[in-house]
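Dear colleague,

Please find the structure below, with its sequence.

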Amino acid sequence: MIAILAIAILAAVFGLLLGYAAIRFRVEGNPIAEQIDALLPQTQCGQCGYPGCKPYAEAIAKGEAPINKCVPGGATTVIALAELLGREPEPLDGAAAEKPKAIAVIDPQECIGCTLCIQACPVDAIMGAAKQLHAVIASECTGCELCLKPCPVECIHMIPIQTDTSNWKWPFPAAVAAPEVPQTQTPADPAAASGRATV
Amino acid sequence: MASPPLASPRRPAPRPLWTFHGGLHLPDEKALSSGAPLATAPLPPLLVIPLQQHIGAPAKPLVGVGDLVGKGQLIGEAQGAVSATVHAPSSGTVVAIEERPVPHASGLSAPCILIATDGRDAWADLPPSLGPRPDPEALRERIRWAGIVGLGGAAFPSSVKLRVPAGQRIRTLILNGAECEPYISCDDRLMRDRPGRILAGVRLLRDLLQVEECLIAVEDNKPEAIAALRQALADGADLEGIELVVIPTLYPSGGEKQLIRILTGQEVPSRGIPAQLGILCQNIATAAAIADAAEEGKPLISRIITLTGRAMGQPRNLEVLVGTPIQDLLALAGGLGPGLRQLLIGGPMMGFACDDLAMPVTKGVNCLLALSATEAPDPGPALACIRCGACAEACPASLLPQQLYWHARARDLDQARAYHLFDCIECGCCAVVCPSHIPLVQYYRFAKAECLAQEREKRQAEHARQRHEAKTARLERLEEERKANLRKKKEALAEKPASARGAPLAGAGSPPAPKAPPAPTESTTSTASTSPTEPTALAGHPPPAAAGAVARGEADAAVPPAVAGTTPTVPGATPADSGAEDPKRAAIAAALQRAAEKKAALARQGQAPKNTQDLTPAQRRQVEAAEARRRELQAEEAAASSGREQP
C-alpha cells in the first residue's frame, strides 16, 4: 500500500514538474529549422524550389525536402547539413556545377530604369528609382541571379568576383608538394617505409 | 609553464627573464650583411607606390595622373578605421595609377601610384616640428598623418595600435630590437648607426602612453648594437624609465607574444592582444620613424632594407625609398649571383618568394634574401608524418603542430581550430625540424585562410539574411498600410451616403442600407444630407430639420409612380435647403422643376408634346409598350424603396 502510495506521489510530483517545465521552457518555433537556416548561404535565390532560404530550411526540418538542393551552398553546405541532421551526404542535386561566386552588374548604357530588378532583389542590393539609372551595391549583392529574369532589356550581367590581395587564399599545399599524398596513403609499403626511415 | 627566471648570460642583468616553450637556435648569418655601414640608395627613375602597404583598408588616392608631387606630399588618404596614409617618396610626376605586382604572398597585382621622379628630390611643405613634449592628441594625429606602420614586418598601422581603448592602461612599453630571424640585420644597423633617433622615438612613446616602464629588448648576438644603445642611453637626457634589456638569442624571441613572455613572464591570451595585459610592443624602427615624423614633420617614405644571402653580390643594408623597384635595389647590391636558388621577400623563416623583380618594396619589406643552393638545398618531396613529435617540442606557441597538420590536411577546420590554429604565429620552427620535410606552415596558412573565408561567408550570409528579413518585413508593413488605407477610404465612402441617409434612417429606425439608395429617392435624401453637422441625427431623437426630412421622405415614397414621371417631387431641392453646399445639384433640381412646371402648364392648356403626333400604329404600339415597361419598373422601385425605408 505504501509502495503504491509512494509511486503515485512520485508520479504526481514528476508529472507536475514535467508539466511546469513544458510551459516554462517551451521552445518557440522549430530550433532545427533555424540551425539549418544558419547553414544556408542566404542568397534567397530560390534555386532549391522554395521561395527563400528560410522556407527551404523549414521544409528540410519537416523532412519534406532533400538536403542537396542548395546550389549556391555547394557540396560544403550539403556536408554541413548532413552532419547536422545525421543523414548521409548526397551529391548536389541536378547537373548544376558549382559556379564561381559572382555579383550582378547593371550596364548603365542599357538600363531603362524600370525598377523591376529592384522589386526582384531579395536583399535590397539594387539602388534606383523609376526612369533613373539603377546600380547594384556590390557589397550587398549575394549573386542570386533573381534580377536577371525580370530585366526587360537584359542589361544585368553576372560578373565573377576577381581574386585580389584582399580575398586571396593560401592554396592547399598539395599543389606545392604533390608527391606527398600517394606516399602517405600507402604507409603499408615496407620498402618505401624503410627507405624513408634511412633518410 | 613555470620556467625559472633566467639571467642574461652575457651580463649580470638586474632584470629577471623568462623563457618561452620551444624555439630554435638557428645559424644567424647576420654577419653577411651587418658589417657594411648603412647607405642610402640613389633615387630610382620610377617609384611604384602601392596604395595598400599595411594591414587594413587600402588608401584612397588623392592625386591624378599628370599631377606634380613634392617629396613627402600626401598622395593617399587612409580610409576606414584600420588604414594608413601614403606619401610621395620623392618629387616628380604621377604617370599612372594602375594595377602592378606588389610584394604579397599571392604575387597578385594591386592598385599603385606610379611616380616618375624628377631628380630634384624637392620636399613638399612639411608640417612643423611638434617640439620635445608634444600634446598626445597632436602626436597621435601626426603619426596617423605620417602613415607610420609597424616596420618589423607585419605593417600594422601604428596610430591604431597607439589608440588605447578607454579603460585600458598601458603600463609597459616594449621596444622590439630582437630581430630574431636569421640573415636580417636592418634593425641591427639602425641601432648601431642611429641610436639617437630610436631613443627620441622611445621618449615620445613613453610620454604619449605615460608608461611605468619602457624596455628596449635586443638579442645578445648584436653586441655592437647593444653597445651603441648603451652609449646613447648614457649620453642622452630625459631618458628616465627607459631600460635596455639584453635577451638570449633564440628564434623566435622577436615574436610579440614570445618577447612579452621573455620580459614579463606573462602570456598574451589566445586570440587576444598585449594591450589586455597593459603591454604595448613597437619595433625600434617604428620608434625612429615616429621621431622623424614628430620632430621633423617627415612622413614615412623610406626604410632600411637588408639585401643579403650568399647569392647576393654585395650583401648590405640600404635606406631605400618606399616604392623602389626590387631590380634597382639588386643592382645596388651587386646583383644576383649565379648560385641563386630562390629570392625571398622577408627572412628565410617567414618570407615568401619574389617572382617579379619589377615589384616595389613597401613599408613592410625588411629584407631581400637571395638564397644559394647550399643555403637552401631542395628538401625533396615531403614524406609521411612519422609522429616523432619534434615539431611540438619546437613550437614556441605550445601548440601541437602534428595534430594541426592532420586536421588541416583533412580540411577538418573545426578540429584545427579546437587545437588553437589561430595561436600559430607561422614562425616555421616546426617545418624546420620536421624530419619528413612536410611544409607544415603552408598547411596552417591554408587552414587559416579557409577558416577566415568561412567566417567571412558566414558574416555575409547573416548580413544577407538580415537584409532579406528587413525587406520582407517592409513589404508586409507596406501591404498592411495599403490595406488599412483602402479600408479607411471605403469607410469614408460608406460614411458619406450613410450620413446622407442617416437622418431619415434614424427617424424611421430602420437598419442601415449598405448600398447607395436608388435613383428616385436620391434627389430628396441628398438634399437633407449635405450639412455635415447633421449626422448627429443618427442618435435617435431627430432634430426638427431631420423630422422635416422624414416627412418629405414619406411624402416622396407615397408619390404614385405614374405621377412621379410627370411631376418629379423635388421639394427639398429649393435653393434654400440644398444650395450653398451643392450648387450643381441645386441647379439640376431647379431645371427639373422648371421643366415640370412647363409641362404642367402645357397640359393645362390641353397641349401634348408634339413628338407623339403623326405616329404610325406600329410606332404607337412600341411607345405604349415602352411606357408600360417604364411604369412597371417605377412601380417596382417605388415599392422597393418604400419597403426598405418604411418596413
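Helix H4 of chain A (residues 74–85) has 12 residues and reaches 17 Å from its first C-alpha to its last, close to the 16 Å expected at 1.5 Å a residue, the expected span being 1.5 Å times one less than the number of residues. Helices here are DSSP runs of H or I with at least four residues, numbered from the N terminus. The model is a predicted one, in which local features need pLDDT of at least 70, side-chain atom pairs count only at pLDDT 80 or more, and totals for chains, interfaces and linings use all residues. Residues are numbered from 1 along each chain as its sequence is written, chains are lettered from A and ligands numbered from 1 in the order in which they are written, and side-chain values use heavy atoms, leaving out hydrogens and water.

Gly74(A), Thr77(A), Val78(A), Leu81(A) and Ala82(A) are the buried residues of H4(A) (buried: under 20% relative accessible area; exposed: over 50%; 1.4 Å probe, protein chains only). Seen down the axis of H4(A), these residues fall within an arc of 135°, so they line one face of the helix; the arc is taken from the directions from the helix axis to the C-beta atoms. They pack against helix H2 (31–39) and helix H3 (53–62) of chain A. Thr76(A) and Glu83(A), on the other side of H4(A), are exposed. Gly86(A), with a positive phi near 70°, follows H4(A).

The structure holds 0 disulfides over all chains, a disulfide being a pair of cysteine sulfur atoms within 2.5 Å. For Cys45(A), the nearest cysteine sulfur is that of Cys48(A), 6.1 Å away. Cys45(A) counts as buried because its relative accessibility is 11%. For Cys144(A), the nearest cysteine sulfur belongs to Cys121(A), 6.0 Å away.

With kind regards

Notes
Helix = DSSP H or I, 4+ residues; strand = E, 2+ residues; numbered from the N terminus. Contact = heavy atoms within 4.5 Å.
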